[in-house]
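The sequence and structure come below.

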Amino acid sequence: MKKVLVTGGTGLVGKALEAIIKKERPTDEEWYFAGSKDADLTNLAATQALFAKEKPTHVIHLAAMVGGLFHNMNNNLDFLRNNLLINDNVLQTAHEQGCTKVISCLSTCIFPDKTTYPIDETMVHNGPPHPSNYGYSYAKRLIDIQNHAYNDKYGRLYTSVIPCNIFGPHDNYKPEVSHVIPGMINRMHKLITEQADTPESEKVFTVFGSGKPLRQFIYSLDLAELMIWVLRSYDSVEPIVLSVDEAQEVTIFEVAQAIATAFEFKGKLVCDTSKADGQYKKTASNAKLRSLLPEYTFTDFETAIKTSVEWYRSNYEQARK
């Protein structure tokens, strides 16, 4: 019997994993979704106590200090220190308690700023990351280094996945920390609510930046299915990119259009070019994933946006905002 501990289990990806597992109801796996109330993972003793209590054989490590572009730009030291502590505590405790497998979640933003596209798993350490989020990026890159070190010294199968931008139900909509899609969903909902009496044609929604940067977005339920596949079937210490195909890349303005459609917003969309764009693109290749799982079908972007907006509207009171 596998005992799977999910750190950061109450967040966006944790909730998606929980939804898939509830649907699957595997008989040979027991899952525990740990949130910040279960343990402060920056504290070694608290981490050890959680592992001692749950006795996992497998770990999906999602817990991290995370935030959007502007939150990262202002807090690089905190992102570096807190994530270094969390990752070291989780990996070392997993090793000490004899965990068979640990899968850690990285991010495409850890790749070098100056690089060729598409980026793939072999390029993680090829140069400095974008200066806006170097603290988070270096802390996450070091998970890959640690995985190899545990493998070299102890033969541990500790690996990592690198998803593109994730969105879906249970996202974090707090303006100061949210990523682009939940941030836009929150702001558009607010605009529609506060301007209920304004004629549709006079409503204006502002897209931060030029709207031109390109991004790949993966629906959280799709990512959860792929992470469960990694848990059960991917047995390499080398990282694997979990991303939609390159052809599914969209501009930030197209994201705003999809959200507007989901909200049935008939007003104007304008771009505020005084706001930073961040990286223009960070196109990732999923060739490795496709070679191992050629038939996987990703949820259509507009459909996933619609579901995400509907979830937010239905769960507005409980949503993290």
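How many aromatic pairs does the structure hold? I found 13 aromatic pairs, where rings of Phe, Tyr and Trp (its six-membered ring) pair if their centres lie within 6.5 Å, and planes under 30 degrees apart count as stacked, over 60 as edge-to-face and the rest as tilted.

I noted that this is a predicted model, in which local features need pLDDT of at least 70 and side-chain atom pairs count only at pLDDT 80 or more, while totals for chains, interfaces and linings use all residues. Residues are numbered from 1 along each chain as its sequence is written, and side-chain values use heavy atoms, with hydrogens and water left out.

Entry on tyrosine 173. I looked up its pair with tryptophan 311, which is stacked, at 6.3 Å centre to centre and 15° between the planes. Tyrosine 173 lies in the loop between β6 (165-167) and α6 (180-194), and tryptophan 311 lies in helix α10 (residues 301-314), 138 residues apart; helices (H or I, at least four residues) and strands (E, at least two) are DSSP runs, numbered from the N terminus. Tyrosine 173 has a relative accessible area of 0% and is buried, a word that means under 20% relative accessible area (1.4 Å probe, protein chains only).

I then turned to tyrosine 173 and tyrosine 312, whose planes stand at 45° with ring centres 4.4 Å apart, so this pair is tilted.

Entry on phenylalanine 208. I found the charged end of arginine 187 over its ring, 3.9 Å from the centre, and the charged end of lysine 275 over that ring too, 4.9 Å from the centre; this requires NZ of Lys or CZ of Arg within 6 Å of the ring centre and within 35 degrees of the ring normal.

Terms used: Buried < 20%, exposed > 50% of the residue type's maximum accessible area, 1.4 Å probe, protein only.
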